[in-house]
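Open the structure in your viewer and show it as a cartoon. Keep the selection tool at hand. This tour goes one stop at a time.

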Amino acid sequence: MALEVQVVFDAHSPRALGAFWGTALGYVEEPPPAGFASWDAALDAWGFPPDDRDLAYALVDPDGRGPRVFFQRVPEGKTAKNRVHLDVRWSAAQGIDRDDRAAKLASARRHAATLVAAGGTVLREVDDEREGAWVVLADPEGNEFCVV
């Protein structure tokens, strides 16, 4: 039996980082609980003060296939390289053959440009005959990931 997985990011600003990753992944904000028209209405009902509204944020795959992505506020910043990172498989979603390195890299560059406009940073490009082609980026809080 496979278990459900949730990806969790520590963040300085969960809502802002979540907005970036929503763009990166094509995910949407998790809908508010049943009976509430919005998250603000739910948080009001639960007695959350306005200053505590950015403690956490969640994204979901609108097609229901991918894992939930959760952002939780922490006081410390990122201090070292990620030990785990996400590969955003953009070229596969665009129907590009996995062996077509040039097309994959061009496609990855297009999505990387969108993510730079959303606050990300391109760190480097890889175009290796044996390993493949991808773009390495950092999100607005410095978490590294790849667009392939």
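What share of the contacts in the chain with a separation of 6 or more comes from residues 24 or more positions apart? The answer is 57%. Keep in mind that this is a predicted model.

**Stop 1: the whole chain**

Select everything. There are 4 helices and 8 strands. Starting at the N terminus, the order of elements is β-α-β-α-β-β-β-α-α-β-β-β. Along the principal axes, the C-alpha atoms fill a box of roughly 55 × 35 × 35 Å.

Of the 148 residues, 35% are buried. Colour by charge next. The chain carries 16 positive and 24 negative charges, and their mean positions lie 5 Å apart.

**Stop 2: the sheet with β1**

Return to the cartoon. Select β1, β2, β3 and β4. They make an open sheet of 4 strands in the order β1-β4-β3-β2, with mixed pairing. Look at the edges: β1 (6-11) and β2 (28-29) each have a single partner strand, so one side of each is left without a neighbour in the sheet.

Zoom in on β2. It runs antiparallel to β3 (residues 56-60), and 2 bridges join the two strands. Show Glu-29 and look across to β3: Leu-59 stands opposite.

**Stop 3**

Select β5, β6, β7 and β8. Here is an open sheet of 4 strands, ordered β5-β8-β7-β6, again with mixed pairing. Its edge strands are β5 (87-88) and β6 (121-128), each pairing on one side only.

β5 pairs with β8 (residues 144-147) in the parallel sense, over 2 bridges. Show Val-88; opposite stands Val-147 in β8.

**Stop 4: strand β7**

Which way do the residues of β7 point? Show the side chains. Gly-132, Trp-134, Val-136 and Ala-138 point one way, while Ala-133, Val-135 and Leu-137 point the other way. All of them are buried. With 7 of its 7 residues buried, β7 is largely enclosed by the rest of the structure.

**Stop 5: the partners of β7**

Strands of a sheet pair through backbone hydrogen bonds, either parallel or antiparallel. β6 runs antiparallel to β7, and 7 bridges join them. Pick Glu-125: its bridge partner in β7 is Val-135. Follow the chain from β6 into β7, and you pass through a hairpin of 3 residues.

Then look at β8. β7 and β8 are also antiparallel, joined by 4 bridges. Stay on Val-135, whose bridge partner in β8 is Val-147. Val-147 is also the residue opposite Val-88.

**Last stop: the turn**

Terms used: Residues numbered from 1 in each chain as written. Predicted model: local features only at pLDDT ≥ 70, side-chain atom pairs only at ≥ 80, totals over all residues. Heavy atoms only, no water. Pairing = 2+ DSSP bridges. Buried < 20%, exposed > 50% of the residue type's maximum accessible area, 1.4 Å probe, protein only. Contact = heavy atoms within 4.5 Å. Lys, Arg positive; Asp, Glu negative; His and termini not counted. Charge placed at Lys NZ, Arg CZ, Asp CG, Glu CD.
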